[in-house]
Amino acid sequence: MTKGLFITFEGPDGSGKTTQISRLAKWLEERGFAVVCTREPGGTVAAEKIRDIVLDPELPIKAEAETLLYLAARAEHVEKIIAPALAVGKIVLCDRFSDSTFVYQGITRGMNLEKLRIMNTFATKGLEPDITFLLDGSPELLEARRQKRGVQDRFELEGLAFQQKVRDGFMQLAREEEKRIKVVYALQDLDTVTEAIMSQVEKIICNRL
Ligand code: Z5A
């Protein structure tokens, strides 16, 4: 492929994004594609430092400041990692991106969505994913997975009502952008989820080659 492919993974915490990214990366690499796996907030030294701040449950931050920190991390990440990889034809698999801002800071925290979209475009210079996999599942069942992990970040401590708002927010975005955002039911066995994702990626790659 001459132009890279930008694939993002979204969904509630613990929905299996990280697991599916590593499975998809392995599958793509075995087929000879150059893959970059990355995450938000994070991906660069500065953005990882911002990650430590925004996910610290003992460091309360106002919604406005939190939003700006996520966007600052994204601006760094796009400029230094994502855009350069796409420019040389790599496939970028990113754990969360702009949709998380629209759901967590916008729909869930109540920041104005239109303003957020404008600020986000400033941070990304207009870069949008080619395809997004939304790993969806009921908050109660995902909560059981999260509890197994132990350590909780700022959002994990918010409770089930918050998680339901997050789920509804992602589904709202999926309805608005059904061509880009593919909903995959996360509470199936690992292989079934992976196959659903791989078949969509295969279709896109075949159309690009
Ligand atoms: N955030 C924001 O507010 N605004 C923004 O703009 C951005 C982010 C970019 C980042 O958290 C937080 O930042 C996030 C939103 C906010 N907060 N929340 N909530 P993070 O990066 O620390 O975590 P996360 O992205 O929310 O999730 P995660 O911990 O990385 O989980 P995951 O990647 O979705 O799941 P996993 O680690 O692959 O799987 C979780 C466990 O389930 C693990 O033990 C797996 O082995 C198991 N698993 C996965 N799939 C299956 C299946 N199919 N069956 C059985 N078990 C499974």
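Start by selecting Asp99, which sits in helix 4 (residues 98-108). Helices here are DSSP runs of H or I with at least four residues, strands are runs of E with at least two, and both are numbered from the N terminus. This is a predicted model, where local features need pLDDT of at least 70 and side-chain atom pairs count only at pLDDT 80 or more, while totals for chains, interfaces and linings use all residues. Residues are numbered from 1 along each chain as its sequence is written, and side-chain values use heavy atoms, with hydrogens and water left out.

Is Asp99 buried or exposed? Asp99 counts as buried because its relative accessibility is 4%. (Buried means under 20% relative accessible area, exposed over 50%, and partly exposed in between, with a 1.4 Å probe and protein chains only.) Now show side chains: that of Asp99 makes a polar contact with the side chain of Arg180, at 2.8 Å. A polar contact is a pair of N or O atoms within 3.5 Å; within protein, one must be able to donate a hydrogen and the other to accept it, and residues adjacent in sequence count only if both atoms are side-chain atoms. Leaving out residues up to four places away in sequence, Asp99 touches Glu10, Thr132, Phe170, Leu173, Arg180 and Ile181. Contact means heavy atoms within 4.5 Å.

Next, the second largest pocket. Select Ser98, Phe102, Arg117, Asn120 and Glu128: of the 14 lining residues, these lie nearest the pocket's centre. Helix 4 and helix 5 (113-124) are the elements that give two or more residues to that lining. Helix 5 gives the most, with 4 residues. Colour the lining by type and you get 4 nonpolar, 5 polar and 5 charged residues. The search runs on a 1 Å grid over the protein atoms alone: a pocket is an open set of points where a 1.4 Å probe fits, with protein on both sides within 12 Å along at least five of seven lines, and lining residues have an atom within 4 Å of a point.

Now head for the largest nonpolar core. Which of its 22 residues touch the most other members? Select Ile7, Leu24, Leu28, Leu93, Ile197 and Val201 to see them. Two or more residues each come from strand 1 (5-10), helix 1 (17-30), strand 3 (91-95), strand 4 (131-136) and helix 8 (190-208). Helix 8 gives the most to this core, with 6 residues. Apart from this core lies another, of 12 residues, including Val103, Met111, Phe162 and Leu173. A nonpolar core is a set of buried Ala, Val, Leu, Ile, Met, Phe, Trp, Tyr and Cys residues joined through side-chain atoms within 4.5 Å.

Stay with the 22-residue core and zoom in on Ile197, in helix 8. Ile197 counts as buried because its relative accessibility is 1%. Not counting residues up to four places away in sequence, Ile197 touches Phe9, Gln20, Leu24, Phe133, Leu135 and Val184.

Hop across to Leu24, in helix 1. At 1% relative accessibility, Leu24 is buried too. Beyond its neighbours within four places in sequence, Leu24 is in contact with Ile7, Phe9, Leu93, Ile197, Met198 and Val201. Leu24 and Thr194 are 170 residues apart in sequence but 7.1 Å apart in space, C-alpha to C-alpha.

Most residues other than glycine have a negative phi, and most peptide bonds are trans.

- Glu40 and Pro41 are joined by a cis peptide bond, with omega about -10 degrees. Find Pro41 in the loop between strand 2 (35-39) and helix 2.
- Arg96, in the loop between strand 3 and helix 4, has a positive phi of about 80 degrees. Arg96 is buried, with a relative accessible area of 13%.
- Lys125, in the loop between helix 5 and strand 4, has a positive phi near 55 degrees. Lys125 counts as exposed, at 65% relative accessibility.

Last stop: Pro57, in the loop between helix 2 (45-54) and helix 3 (63-87). Pro57 counts as partly exposed because its relative accessibility is 41%. Pro57 and Glu195 are 138 residues apart along the chain, and their C-alpha atoms are separated by 35 Å.

Technical notes:
Nonpolar A, V, L, I, M, F, W, Y, C, P; charged D, E, K, R; others polar.
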